[in-house]
Amino acid sequence: MKQPLLETLKQSFGFTAFRPLQEEIILDALSGRDVFALLPTGGGKSLCFQLPALMKPGLTVVVSPLISLMKDQVDALQASGIAATFLNSALAQGEGRKRLRGLHLGEYRLLYAAPERLMLSGMLDDLKRWNVNLIAIDEAHCISEWGHDFRPEYRQLSTLRDHFPGVPIMALTATATERVREDIVRQLRLDDSRTYVASFNRPNLIYRVIPKSKPYEQVREFVRKRRNESGIVYCFSRKSAESVAQRLTEDGIKALPYHAGLTAKERNHHQELFLRDEVRVIAATIAFGMGINKPNVRYVVHYDLPKNIEGYYQETGRAGRDGLPSECLLLFSAADVVKQNGFIDEKPTLQEQQIAREQLQKMVHYAESSACRRVALLRYFGEEWAEEPCGGCDNCLTPRETFDGTLVAQKFLSCVYRVWEKSGHGFGLNHLIEVLTGAETDMVRKWRHDALSTYGIGKELKRAEWQAVGRELIRLGYLRQTSEKFSVIELTQEGREVLTQRRKVLLTKTVEPKPQSTHRSGDIPCDEQLFERLRALRRRIADEHDVAAYIIFSDVALREMANRYPETHEEFARISGVGRQKLEAYAEPFLDEIAAYLRTYPRQIFEDSFTIPTPPPAMKARATTSLNDTARETLRLYRSGMNAEQIAQHRSFVSSTIYGHLVAAVESGEPLRLDTFFSEEDQRLMSTALEKSTGVLSTARELLGGKFEYGPLRLYCALRSRA
């Protein structure tokens, strides 16, 4: 089966190899098996159902939430010579009838439809006559109310199994926690389904966070240095999106807003101009993005703090879908946290408020952390990335300076203790800072905290500096912050030990706002002048065909042409993304443009082969780590004869924290042995599961039936890699 698959892959889509997990998913679909696939944005989800549609008779039905996404994918398929269509409310009545006639005559291999259209009784009757061979549900997380983008209309899809009992169903998404995955499988009643979870890592993305000072000026300078590149600026409010777009346009950068306050016609028009590269920047609320299949978005800027890591990950994932290096910049300020908490207070139930606060706390910790950002993102989704520094985030590329913050930490921790001792309960971060700085407020006087020994002992630091210290002590585990409406700060056991045993505490220096470098992350070896000429040609051809530019060829394909200088049809056919249809349709104009260029300019010499850049070498280098005091204490208790669970109970930690300490001990070179933690049978089971899951811990854990949690799996990987 593999050879026919590869032949169809090249002829129809222009590729010579599959991306990770694509082949396995496609083979399962062709065998009639239900599939759940979680592939990151840019990981090639669409091909998983598009290729099977060409390999057997009948119709593949694709459920898609957005009209723009349907049109995008159908345009791309038709440009590759594949019979595809869509049905939605945007079609004129005559056009809709024409497409229905074609479906009755069996003229199409793929049909895209929104869930509400698909589940109409008349539509279901038609589908039963059209020989449906596969139902693919894109953006499947929309069916789960535990997901970040729940859509009630997706719930209707839970009855598909009753209407099409013998038709395999494929559910696909780019972002879903384990709870959401389980909900998707249950809602869609995927029978004996095979689950595929790819790595969440996007190695071509660089993650940066800078303090927000003058946000518009920061964004303007960032965008100016990338004038010829496309990007998205995410804003929290419609007003901000409008303002950013207007000011960028006034400063000579073509930009448009996108938000729910615009009419559908305006939104579609702005999106179309962005897709066609006529507008380089979209300033948008989170309403923009899920339907965008634009592969050459070179940067995503978050003008305001996102509500949660899941949304942030999905939004940054809209950069670099073509695999070329791209940048993700987040502007962070404590004021944004206050603003977000204000909106959380308006949520209707206490449970919703508590969940939102917990999610926001994790987002704030990510933004303020001095640790590897890639590790933090992947860990959120249950995946461990053991290779630090990653070489693709600001904290790894330019590590933050640390300082001996023992005295500062002791002052803060002492204040927490004294306030609790005096009043019998905890207080919020702002109140503690008012005590430290000697503020004369009604609350301080009411609770008589101006009589405490810690009152006014922190006047040497500004309020903002104490806020940063407090949040870092929370991240380090010395303090705990509750997630109720009136959240309070509490001492942890580790925090008490800092006070009683006078342990040294290292804190991170705050980062000063500074201009970004002029590095253009999209650059790869090619003749830039020729690339721009090919891009202009692509734009002209796209306009003639009334499609987005990337439908003709991706930036990857154009850069490959500007690297290899193909001169014949045979050489042009070897370019990535050139299938049979595109070879016939576009080879001549592009070969003519390259030939004309070479009559004036000489060839440049590049590397022998052209490949999409892989992660920088630093990503593959193991970090040398030194143990902190709390990890050393865990190691001491382990050597005294306690196991991880006993240590966790003794120290009032969750066991995953203890396993993290043990992993750090292994990575720092401590002589720990595999067989003292795991039996031979356990080692065999974990080894087999990790091999099958290509090292993705979340998948390995599922294969093991939940027998081992992430902590033991991480420790096994660390011990095995050192052996």
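1. Start with the parts list: the chain has 33 helices and 17 strands. Helices here are DSSP runs of H or I with at least four residues, strands are E runs of at least two, and both are numbered from the N terminus. Keep in mind that this is a predicted model, where local features need pLDDT of at least 70, side-chain atom pairs count only at pLDDT 80 or more, and totals for chains, interfaces and linings use all residues. Residues are numbered from 1 along each chain as its sequence is written, and side-chain values use heavy atoms, with hydrogens and water left out.

2. Now the overall shape. For 723 residues, a compact globule would have a radius of gyration near 27 Å, and the chain agrees with its 28 Å. (That radius is taken over C-alpha atoms, and the globule rule is 2.2 Å times the number of residues to the power 0.38.) The C-alpha atoms fill a box of roughly 85 × 65 × 55 Å along the principal axes.

3. What about the inside? Buried residues make up 55% of the chain; buried means under 20% relative accessible area, exposed over 50%, and partly exposed in between, using a 1.4 Å probe and protein chains only. The largest nonpolar core has 110 residues, and Leu127, Ile137 and Leu157 have the most contacts inside it. A second, separate core has 31 residues, including Leu534, Tyr550, Met561 and Ile575. (A nonpolar core is a set of buried Ala, Val, Leu, Ile, Met, Phe, Trp, Tyr and Cys residues joined through side-chain atoms within 4.5 Å.)

4. Have a look at Ile137 itself. Skipping neighbours within four places in sequence, its contacts include Val63, Tyr154, Leu157 and Leu188. Contact means heavy atoms within 4.5 Å.

5. You'll find Lys56 in the loop between helix H3 (45-55) and strand S2 (59-63). Beyond its neighbours within four places in sequence, Lys56 is in contact with Ala29, Leu30, Arg109 and Asn133. Lys56 and Lys214 are 158 residues apart in sequence and 57 Å apart in space, C-alpha to C-alpha.

6. Which residue has a positive phi of about 55° although it is not a glycine? That's Arg448, in the loop between helix H20 (442-446) and helix H21 (463-475). Arg448 is exposed, because its relative accessible area is 53%.

7. Asp546 also isn't a glycine, yet has a positive phi of about 60°. Asp546 sits in the loop between helix H23 (528-545) and helix H24 (549-552). Its relative accessibility is 48%, so Asp546 counts as partly exposed.
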